Amino acid sequence: MTHPIGLKIRGGTKVYPGTVALKNADFDLRMGAVNVLVGENGAGKSTMMKVIAGVEQLTSGTIYIDDQEVQLTSTEDAVRHGIGIVFQELNLFPNMSVADNIFINREKTRFGVDIDRVKQREETRALMRRLEHDIDPDTLVGDLKVGQQQIVEIAKSLAQNARILILDEPTSALSAAEVEILFRVIDELKRDGVGIVYISHRLEELIRVGDYITVLRDGVITGARSMQGVDIPWIVLNMIGDASKDFPKTIDHPFGAEVFRAEDVYLPNTSGGYSVEGVSLSLQAGEILGIYGLMGAGRTEFVETAMGRYPHARGTFYVDGKPAKSPHVSDRIRMGLAIIPEDRKQDGLVQILSIRENMTLSSLDRLATAGHLDVVREKKTVGDYVRQLMIKIASAENAVSSLSGGNQQKVVIGKALMTKPKVLLMDEPSRGIDIGAKAEVFRVMRQLAAEGLGIIFVTSDLEEVMGLSDRIIVMSNGKVTGEFTKGTATETALIAASAVGHSVSHAQAIQANKEQVL
Amino acid sequence: MTANTVSTVPSGNSNALLLLLKARTFIALILVTVFFTIFAPNFLSAANLVIMSKHVALNAFLAIGMTFVIISGGIDLSVGSIVGLCGMVAGYLVLHGIDLGLGWSIQFNTLEICLMVIVVGIFIGAINAFLITKLNVAPFIATLGTLYVARGAAMLSSDGRTFPNLNGNPEYGSDSFRWIGAGDVLGIPVSIWMLVAVGVLAAYIAMRTPLGRFIYAVGGNERAAGLSGVKVTQVKYFVYMFSGFCGALVGIIISSQLVAAHPATGDTFELNAIAAAVLGGTSMAGGRGKIGGTIIGAFVIGVLSDGLVMMGVSSFWQTVIKGLVIIAAVVIDQAQQRVQARVALQQQAALGQ
């Protein structure tokens with residue numbers, strides 16, 4: 001069975017200030033098939049999808065739809081050409097009904113005045129029938145499960161007559177059963193001739209659902225073929241490449257005594273299960289421990305629990321053999337823990353405050369005597385850290401929001417280091433910063449470890465975790481599913497461990513399906 | 001379009017413009033003062049200045065407390081009612097003391113009365129903070145609730161009547177109560193000295209203590225502040241209790257000045273306090289504001305209304321003018337933010353980043 005090419009990009013290049021996100025990419029999107037797109041964070045997948053969805057424009061290169069050259073200068077343009085996108089973060093209004101969401105900004109009206117709810121409801125029901133879902137058009141979207149919300153998003157695209165549907169990590173928040181339903185919907189859409197672009201990090205899932213695969217690495221397409229005969233090692237090889245990027249050389253140093261230990265950490269989540277389930281681990285002084293896993297594996301929740309963010313979590317944390325008593329963040333900081341949060345904007349910085357005020361926020365009690373803040377000493381300390389971390393700033397008094405991502409990250413690192421921690425918890429320390437800044441952040445990590453700091457760093461970047469860690473722990477579904485030393489860690493093994501919970505539930509779901517058929 | 005034309009302006013001009021915008025409240029104060037000096041007779045006489053500063057002080061106290069609350073990302077609508085209730089408590093204590101029943105009652109001297117009233121004000125602030133932090137009520141709603149409760153309690157305390165003749169009793173040492181509102185030290189009214197003390201204290205807290213920095217951080221980004229080890233709950237307790245403290249002071253001063261306590265005193269004072277804070281450059285979104293700016297803001301509002309009265313402008317027009325001034329202040333504030341961000345970005349760009 002051949003699939004016609006519905007959309008193609010030729011020579012697509014997208015340049016952002018400082019980085020080239022997409023280099024001379026040739027991409028074919030086949031109709032009535034699932035076109036899988038895979039690559040590491042920052043490889044250019046989202047850039048390519050944004051270009052197709054009209055959010056971003058190519059710097060050079062052309063897009064053809066049905067062999068006609070088109071200019072997609074806005075999302076409206078893309079919608080007119082039948083392109084729909086379901087973003088990883090759903091763009092729905094939880095306070096409005098399913099029907100209202102589906103017809104947002106394209107309300108069915110009588111004489112252009114009042115909204116024709118009856119008609120909207122009917123069409124919504126028809127869409128839901130097509131997607132084999134029994135969702136009442138009047139339900140509030142906020143009351144739906146995440147999987148159902150995703151269906152609503154898909155229905156929204158279909159309501160706009162989407163012929164091309166882009167799904168960005170659609171399964172990251174879904175349970176195994178919901179994934180099966182989504183896959184059935186995808187099959188259905190394929191039969192209707194819809195061209196689907198499917199982005200995911202879960203390689204087994206890709207192999208199962210995909211018909212064609214395109215692998216991206218550093219903005220370059222490194223492999224594109226039909227899915228027949230593709231296996232995980234092939235994908236990994238194309239994702240990572242043969243030659244590893246330069247990571248700073250290990251500074252050989254002996255590890256010290258155990259500096260941090262977590263015992264039986266449980267963090268209940270809202271749906272009755274656990275985000276972190278029975279995690280225990282230990283860390284030596286001077287050691288870099290990488291925690292690898294997919295998004296939602298519970299890695300972030302684990303480090304945040306260690307930091308005392310969730311008072312309702314269970315488990316014990318020890319720093320230098322002493323157990324943490326109070327669950328409050330400030331006491332954890334006093335014990336010697338410090339965190340570099342995953343989301344710089346939300347959790348790391350107070351954007352409105354100056355660079356100086358941000359850097360000293362966690363260590364003001366060191367700079368104050370009897371409640372009096374020594375501003376002269378504060379300025380001097382900030383200056384020292386700015387030099388040491390090589391942060392490029394015009395003035396420490398400027399708002400931190402004026403800095404680039406890399407420099408902002410260094411301010412967050414400075415803030416953590418100022419508390420004189422024994423253990424540094426770094427959550428995706430290289431997210432959203434350019435390659436040069438990445439290298440510097442890694443250099444700083446190495447140097448700190450050599451000085452005897454224990455570092456736990458969380459990442460979903462395989463290369464990073466392999467290149468930087470002295471030891472690697474893999475998490476999946478809130479549990480530790482693998483532990484590797486430098487010697488035993490291989491990419492394939494890490495990926496396998498990171499999918500443990502998922503592949504089991506997959507297998508079960510497939511089994512259940514088969515039984516139904518029988 | 002605007003961005004294009006503006007970016008061609010050399011950064012020297014931007015810096016001068018920024019300085020001008022930053023000093024805008026002060027410039028406004030000078031302008032209104034000069035204006036009334038010319039058009040209102042006796043405006044600059046010493047007697048008038050004393051009366052005017054007494055008026056301003058009342059609003060300035062509340063505005064200082066309000067500034068901390070707003071910087072922390074909240075709002076305190078209850079201060080006006082706290083003024084009323086605290087005035088009634090003060091009046092009751094001066095007149096009756098605490099009745100233990102059986103014909104016995106304890107009488108207090110002025111200092112004791114003031115301390116007890118202040119405790120009442122701080123307690124209401126603590127209730128606000130409790131509702132906001134522990135019960136997760138939005139600050140607007142929580143303080144709207146206490147606004148009504150405190151006002152109702154003030155009315156109930158006297159069945160809506162006034163406590164008259166708060167002259168105190170020399171036997172109990174409460175005759176000095178009148179001195180708070182009427183007395184002066186070195187020719188300057190006591191309430192102004194109190195304002196100076198509270199103003200300096202608040203400015204010191206804001207600029208030179210970790211607590212002050214935490215207030216800004218909580219208002220700027222509560223999540224990040226929490227993850228940086230800031231005890232967000234404690235910070236919120238502080239700001240609402242401090243606001244209650246300021247309300248109590250104003251309650252004491254007004255009842256002393258009038259030698260009477262009326263339960264409707266302080267009605268809508270909270271709005272004037274918010275206006276002064278906003279006029280002084282405090283951002284309603286939280287994280288930004290200065291005590292000095294707020295005090296100048298309070299003076300602009302005070303000078304404006306007293307000067308207009310002296311010029312014989314109708315009070316209806318005064319209200320309109322006050323509203324226009326506040327709107328203008330916020331519009332200019334937005335402009336300042338844009339210029340400030342641009343200057344910072346230009347400096348950063350000059351580094352070749």
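This is a predicted model: local features need pLDDT of at least 70, side-chain atom pairs count only at pLDDT 80 or more; totals for chains, interfaces and linings use all residues.

1. Residues are numbered from 1 along each chain as its sequence is written, chains are lettered from A and ligands numbered from 1 in the order in which they are written, and side-chain values use heavy atoms, with hydrogens and water left out.

2. Chain A is assigned domain 1 (5-240), domain 2 (255-336 + 421-518) and domain 3 (347-419), with bounds that come from an automatic or database domain assignment. The centres of domain 1 and domain 2 of chain A, taken over C-alpha atoms, are 31 Å apart.

3. Chain A has an open sheet of four strands in the order 14-13-16-17, with antiparallel pairing; strands (E, at least two residues) and helices (H or I, at least four residues) are DSSP runs, numbered from the N terminus, and two strands pair if DSSP finds at least two bridges between them. Strand 14 (274-284) and strand 17 (322-323) of chain A are the edge strands, each pairing on one side only.

4. Strand 13 (residues 258-268) of chain A pairs with strand 14 of chain A in the antiparallel sense over eight bridges, and A:Pro268 has A:Tyr274, in strand 14 of chain A, as its bridge partner. Helix 9 (residues 299-306) of chain A packs on the sheet and touches strand 13, strand 14 and strand 16 (314-319) of chain A, where contact means heavy atoms within 4.5 Å.

5. In chain B, helix 5 (residues 79-96) and helix 6 (residues 110-133) pack at about 150 degrees with their axes 9 Å apart; axes are lines fitted to C-alpha atoms, for helices over the stretch in contact, and angles run from 0 to 180 degrees between N-to-C directions. Helix 5 of chain B is therefore roughly antiparallel to helix 6 of chain B (angles under 35 degrees count as roughly parallel, over 145 as roughly antiparallel, 65 to 115 as roughly perpendicular and the rest as oblique). Among the residues in this contact are B:Leu85 and B:Val89 of helix 5 of chain B and B:Met116 and B:Val120 of helix 6 of chain B.

6. The axes of helix 5 and helix 12 (residues 232-258) of chain B come within 7 Å and cross at roughly 50 degrees, which means that helix 5 of chain B is oblique to helix 12 of chain B.
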